[in-house]
Every structure is written in structure tokens, then in C-alpha cells.
Amino acid sequence: MNTLQIKENALHWSWNGQYLKVMTWGENSVRILSGFEPDNETPSPWALLDNPCVIPEFEQDEQSLSLINGNIRARVDKQGRLSFYNQDNRCLLEELWRQRDNGENFWSAENAPQKKISALKISGRECKPLAGNAFEINVRFESDKNEKIAGMGQYQHAFLNLKGCMLELAQRNSQASVPFMVSSLGYGFLWNNPAVGEAVFAQNETRWHAKASQRIDYWITAGDTPADIVRQYAAVSGKPPLMPEFALGLWQSKLRYRNQHELLSVARRYRDLGIPLAVIVADFFHWPIQGDWRFDEREWPDPAAMTAELKAMGTELMVSVWPTVDIRSENYPQMNEKGLLVNTRKGLNINFDFLGNTRFFDSTNPQARKFIWEVCKKNYVDKGVNLFWLDEAEPEYGVYDFDNYRYHIGNTLETGNIYPLHYCEAFYDGLREVGQSNPVNLVRCAWAGSQRYGALVWSGDIHSSFESMRNQISAGLSMGMAGIPWWTTDIGGFHGGDINDPAFHELLVRWFQWAVFSPVLRMHGHRDPITEPEVPYRDGIAQCNTGAGNELWSFGEPVFAILQRYAALREALRPLLRKLMQQAHDTGEPLMRPLFYHYPDDARGWEITDQYLFGEDVLVAPVVHAGTTQREVWLPGEDVWVDVNTGEHYRGGETVTVAAPLELLPLFVREGAKAQAEIFAAMESLK
């Protein structure tokens, strides 16, 4: 016998040991938990913050019970089948069931009762038992062929509309699984489960799969616009801190500055050229050995004096932190003994083998987070370092056999995707403890909720090509739609850019131009030609190579002139950047926005992947193909758009062709907007 009842302001259904619980979680939103009884554990909130108390309404008829929270209604029938509706009683999402015993009418997407009796024996919620208390989970929903889907984090493809895509729910170098999606049908959906799995947005079904998990856990919200949905999601998963003023400028990095003298020489040259430099980075292998988390005094003799000189020039030092701990590190014995490292379940207990046999610190262990922070505070913060680059944050296993690793909180197959969130949390909490109100952590991966720990996510080790650049634009927009407003990329790509190659010069310029209109303007890459270390091994430790110069002047005078001009434009745009960062902090909204964000009713806004809005009023149209000196630009809505480069006015709803010589980024601003004055004032300051 099944039960369908109201208990503690939640909707409960159970049958034959299975249970379903629907509860309010934020405005216009509900959280769903389902599995097998007894489920005695208190479910982890995972990506969600503590539940804000919202008292729902209930409606019941002969066949079903509904929970209503503002604009969303969750309906469960006697068979336990679940569907969701908005305030206009339009179906947003319904489970997919194909069973013989589904004899009751089930409400369809067209709001007409239909029989869905089938011999397929497919369930909308499926939990297949594995060893221990884990289950392999599938949750299936009916698919609307006209639905458009955005968000889900960062994947290396150019798709902005994810309908028709299969996405691996797993963290890899240059891939960040952030399982929150925004639907054109008027809902947002968070797969609140850090397990490795897949999301399938097919024509015949939408399916969420976890390879191993304790229970089904997801959150859904109803909103009239994409902006409403993103704001409601941010309210329950967290918003970023306010980006510090200094961070709005140019960040300089390369693989890698080898010593204190080399890094300071670069910063001094920027100062002498009159180019403001916000941040300069000491990349990896500034340490004696992985896991020591300190400067090697042979190359970096006086970090405190170095940071003091940089601060006097208006520049902050960021240092790279890797989660890897070499078995020869001074910290390895203690961390191994205390269980602060990730364990390999079969074979040698090694997670990664880049320039040494290493294991990762276990970010899911509170004691491990405390340990790494205390070491970094002593060796970096106390010497004037206030910024950290949390690299290898997926983490990047030597082999991505997720079932072969175990964290403090469980098997990596069940919990692995949350690693980068806790990595960020360690440094966010530590920096807050020492008095920083708005920590910024540059990090190579993220999961849902990472934004609240100051995660500035960059897109990993990507190729230097126009195809890769196109992918990064979509990646940045998708991250923003997945609730991660702070995002950046290696300008020019990471792998394969030769500083003497004219083709790379063109790519670099085009990449730098649109990066000015991204949350953080950051030069980084491993440039050719590469210089190998003079001594391959020192004290038995493998030494790291370094790339060619990656400063604005490293690519010849013509390129330098263009980059210098756009760096100056970035500085002049601080009033606009400041306003957008405040908005991200207040509401969780991204700075880079797909066209559909403000024009959701226009189908083209969901199709175009090589233009975007910067805030509401600035339209950026990067040149994304080599050898291009003009491009078509679609202008959305019915507004009048002003070409920033020519001053010409165009009516929205048109496609226009504009000149785009190498030195120009096609750029438009909505007439009458406050940003119009800010953009033109910035352009005027460059003359």
C-alpha cells in the first residue's frame, strides 16, 4: 500500500520501501529527495545553503497531492509519479514512466490526461543497488523537442544550447561539471549530487545518471525569465564576494617565472612603461618539492621584500598552490599518518606522476583543509601574499579511474565532483580568518556552490587556436548560466603559441580584445620556444622548464601597440566593471551573458554562440576566425544599438556587417543606457 501525505510542511510518498519527499527550498523552488527506506542519514546539503523557511500550500484531489511554493507546484500522484507546473498551470517538467501498471491517467506536458501504459518497464526514478549502501541512479524526464537548455558548467565545445548533448558529470583538466541548467521552458534544475555520472538532454528523454550514490537529490525552481531563474538559484547556492577593486585590472602570468629577479624585472618594466599591473603570478615549481608549499630560497631569497616592492608599485603577488604532495615532501609523513591524503584503492598509492610520484591532499577532510592553510599562511601570507592560484583542482588524476580513489567523505565515484569546492573553501575560510573580506581564489575547476568561496574559475590547459577560442566563449557563458559569475581564460590559449608566429599574433590580439570584456583580464600560457632547465635534476628532484615571454611586449611592436591600447581600455572601464561586479555580488548574475539572457523570446538569442552581452547594455562581437576583417553582428530586441567604433546607430532585430580590422573589436552599446556614457568616455580617454 502506498502513502501520500503531508508531514512537517513537506509532501511525502512511500511504497514498498521506496520514498519520495518534496520540500520547499527558497522562493518558487523545491528540493526532491528519493530512495529506499530506511534512509537514516541526514542528507548533506551539498551545493545548497541552509533551507530558508518557506511555508508551502497544499492541494489534494482523488488522484494526487500537490505542494505549492510561489510560482512552482509539485504534483505527486498515487503511484508516486512527479511533475512540476508554473503559476499558470503550464507543465515545466514531468517524470518519464513506461510501465504496465501505470493505469491511472498521468498529466502530460500538454496538460491533457493521457494513458502511458507500456511494456518497457522504465521508471522515472531508478535506484539499482550496488555494494554497501550505494545505488546506481537514473532519473528520467519527458523531453520537449523545442526546449533549449543552458548552463551546466564548462565543457570544451562551442554549444551554448545543450539540447541534444550528453555531458559527462566529472571533473577533468579544462572541464568543470557544475550541474545547474536553465531551461527555455521557464525552470532551473540543479542535480544536487557530486557523484560521477552523465546528463543526457536527448530528443526522446532527459536523463540524469549517477554511477554511485546514496539517494536521488535535486532542486528545481520556476521563473519567468533566465535572469529570475539565475537569481533564485544564487539565493540558495550562494553568491560571490565583491571582487576587490585592484583585481579589475590586468593580470600577468606565464609558465613560468623562474626566480624572484625575473618576476620583479617584469613588474618593473610594466611600471616603467606606465601600464598598470594588478596582479603578477609566481607559477608552479617555485617550491623545493611538491607539497612543501613554500618558496625555494635558492631562487626566491626574500619573498617579503618582493611582495613589499610589488605592493609599492600597485601590484599584488599571486602564488600557485598545487594539491599534490610528493612522497619526498617535508609534509608527506605527517599528512600520510593523519589520513589527510587521497587514497588509491588498488595498486600503488599514487594519484599523479608529473615530475614526481604524488598524492593529492584530501580537500573533503576538514583537518586536511586546516593543515594546508596553516602551512600556506606561514610560508606565504605571513610574507605578504594575499592571492592564491589553486591549480590542479579537479584534481587531475594520472588516470581518471574515479572508482579507484577514496576521499574522506566517501568513494570518489560517489563524491568526487565536490573536490574543487572544498579546495576553494580551505583558502576562502583561511583568508577570511586573517581579515580579508573579499577573498579571490583563481581555481581550475568548480562545482555548484563554488562561487560562494570566491572561486575565479579559469578554463584550464587549452589549445592555442581559433577553434579553442570559440569554445572558451561558450564555456564562459555556460559557466555564468551555471551560477559561476567569476570566470577567465588563458589569453591566447595555454598550449602551442609561438611568440614569433604571425598567425599566433593574430589569435592573441583577437583573444585579448574580447577578454577585456570578461570578468578578469589575464595573460597566461606556456609559450614556444620552451627553455629546458639547465640542470634536469637537483638533489634528485626533477626541475621544470619555462616558456618564452608572455608579456604584452613579447610579440613585437605592432602587437604591443594593440594590446597596450586595449589594456588601457580595461582600466578606463573600471566604473562599468565595478557596477557589474557589485551586481554579481548582490544577485549572482554573470557579467558575460548569452543574448537570450535579456532576450529569451527571440530564438536567435539561443542560437548565436559568438556574440554576448557584457551586463545588459554592452554587446561584444569577437572576431573568431583567422584572416577575418569584417563580420556580421545580430542586434537583439527592438532597442537602438550604437556602434562604439563608428558611432553609427542601428535598429535592433537586424543583422549588420561591420568592419573588423585587426586593431578593432566589434562593439555595440544600447542607446540611452548608462553604459553608453561609460563606454564612450572610456574610448575618449584613449585618444
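The model is predicted. Eight strands form the open sheet, with parallel pairing. Lysine 211 and serine 213 both have their place in strand E19.

**The open sheet**
- The strand order is E32-E31-E30-E27-E23-E22-E21-E34.
- Strand E32 (487-488) and strand E34 (521-523) stand at the edges.
- Each edge strand has a single partner strand, so one side of each is left without a neighbour in the sheet.

**The pairing of E22 and E23**
- Strand E22 covers residues 279-282, and strand E23 covers residues 316-321.
- The two strands run parallel and are joined by four bridges.
- Valine 279 has glutamate 316 in E23 as its bridge partner.

**Lysine 211**
- This residue lies in strand E19, which spans residues 206-213.
- Lysine 211 is partly exposed, at 36% relative accessibility.
- Beyond four places in sequence, lysine 211 touches Leu130, Phe135, Glu136, Val196, Gly197, Glu198 and Leu413.
- Arginine 670 lies 459 residues away along the chain, and 47 Å separates the C-alpha atoms of lysine 211 and arginine 670.

**Serine 213**
- Strand E19 also holds serine 213.
- Serine 213 has a relative accessible area of 6%, so it counts as buried, which means under 20%.
- Its side chain makes a polar contact of 2.9 Å with the side chain of asparagine 193.
- Neighbours within four places in sequence aside, serine 213 is in contact with Asn133, Ala134, Phe135, Ile137, Asn193 and Glu414.
- Phe135 is in contact with lysine 211 and also with serine 213.

How values were computed
Residues numbered from 1 in each chain as written. Predicted model: local features only at pLDDT ≥ 70, side-chain atom pairs only at ≥ 80, totals over all residues. Heavy atoms only, no water. Pairing = 2+ DSSP bridges. Buried < 20%, exposed > 50% of the residue type's maximum accessible area, 1.4 Å probe, protein only. Contact = heavy atoms within 4.5 Å. Polar contact = N/O pair within 3.5 Å; in protein donor to acceptor, adjacent residues only side chain to side chain.
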